[in-house]
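Hi,

Here is the structure I promised to pass on. Have a look at it first, and my notes on what turned up follow below.

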Amino acid sequence: MKLRQLGSTGPRVSALGLGAMGMSDLYGPADEAESIATLHAAMDAGVTLIDTGDFYGMGHNELLIRDALRSSGRDRGEVAISVKFGALRDADGGWWGNDTRPAAVKNFLAYTLRRLGTDHVDIYRPARLDPNVPIEETVGAIAEQVQAGHVRHIGLSEVGADTLRRAHAVHPISDLQIEYSLISRGIEAEILPTARELGIGVTAYGVLSRGLISGHWTADRAMAPGDFRSISPRFGAGNLDANLALVEALRTVAEAKGASVAQVAIAWVLAQGEDIVPLVGARRRDRLSEALGAVDLKLGSEDLRAVEAAVPAGAALGDRYIAAQMAHLDSEK
């Protein structure tokens, strides 16, 4: 597995990371045994970055990762665990805003360490900007946990360039976790240049746009209860057919390379810079194996032009999230 540096101050991790959210939440039911087997397969393949959130399945995802690490027999230091915190939920899975006050930082982290069965988190980050708490206070509180040895690096998620600068002035930020894919390229105008200026890496999630540009999605696919894609604008009526037409254009490019659509989409993100680490949300070993094939897929300048001609910037229809969720994204303001 190839390695990449997460910013100038962050850890050196595998070129591809595994996002574990779907193993516990938001994409419908998942097979727990297969999830653990997939986590094992990822580690066996050299994946050293696992991303989670303490609110994924209200703690279930962290417990799942704990069990996978223990049963793998691997030392804790072999894997970098990135954790998002701050999202408030209820017993029915509802969402009630964000809390990133200094006291909340200590509280959330204490529970995370217990659930993961570890004494430290490698990268700790607020999931969203809390409009009621200056980012300086939140980062300062995490910095105290760095000093205490409970956190190794500080990351951010879905924030804009100004917030990135303010946070980095308090404590070095290792990486910004943000959606970035062929059909989500908003970071290229200001956020990505700012991150590069400051020496901050990018962990890109949604590189397959939640399966939409994986090459496996079909217009007639039924979604299970609890799958948030059922309300996602890009999967909605009037948008889905147009977006899948982009996928078919990409398929032509992929077939010419002897690769799958998903592999080309992931390889495109990898090709955007050594400071970018894509996170793939594979829940099964076969999907993980396919994604891993992207690491060695070479896209030359002609290939990249063909990919971007098939899926031009801004061509996708629909926002990344519904309006209520978009309102929480500092990166979109």
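Threonine 138 touches Phe85, Thr100, Val105, Pro126 and Val133, leaving aside residues up to four places away in sequence; contact here means heavy atoms within 4.5 Å. This threonine 138 sits in helix H4, and helices (H or I, at least four residues) and strands (E, at least two) are DSSP runs, numbered from the N terminus. Threonine 138 is buried, with a relative accessible area of 1%, where buried means under 20% relative accessible area, exposed over 50% and partly exposed in between (1.4 Å probe, protein chains only).

Before you go further: this is a predicted model, in which local features need pLDDT of at least 70 and side-chain atom pairs count only at pLDDT 80 or more, while totals for chains, interfaces and linings use all residues. Residues are numbered from 1 along each chain as its sequence is written, and side-chain values use heavy atoms, with hydrogens and water left out.

Back to H4 and its partner. The axes of helix H4 (residues 135-148) and helix H5 (residues 161-170) come within 9 Å and cross at roughly 40°; axes are lines fitted to C-alpha atoms, for helices over the stretch in contact, and angles run from 0 to 180 degrees between N-to-C directions. That makes H4 oblique to H5 (under 35 degrees counts as roughly parallel, over 145 as roughly antiparallel, 65 to 115 as roughly perpendicular, and the rest as oblique). On the H4 side, Ile135, Glu136, Val139 and Gly140 meet Thr163, Arg166, Ala167 and Val170 of H5.

Last, the strands. S12 (residues 276-280) is mostly covered, with five of its five residues buried. Ile276, Pro278 and Val280 point one way from S12, and Val277 and Leu279 the other way. Strand S3 (residues 17-19) runs parallel to S12, joined by two bridges, and glycine 17 has leucine 279 as its bridge partner there. Strand S11 (residues 201-205) also pairs with S12 in the parallel sense, over three bridges, with alanine 204 opposite proline 278. Pairing needs at least two bridges found by DSSP between two strands.

Cheers
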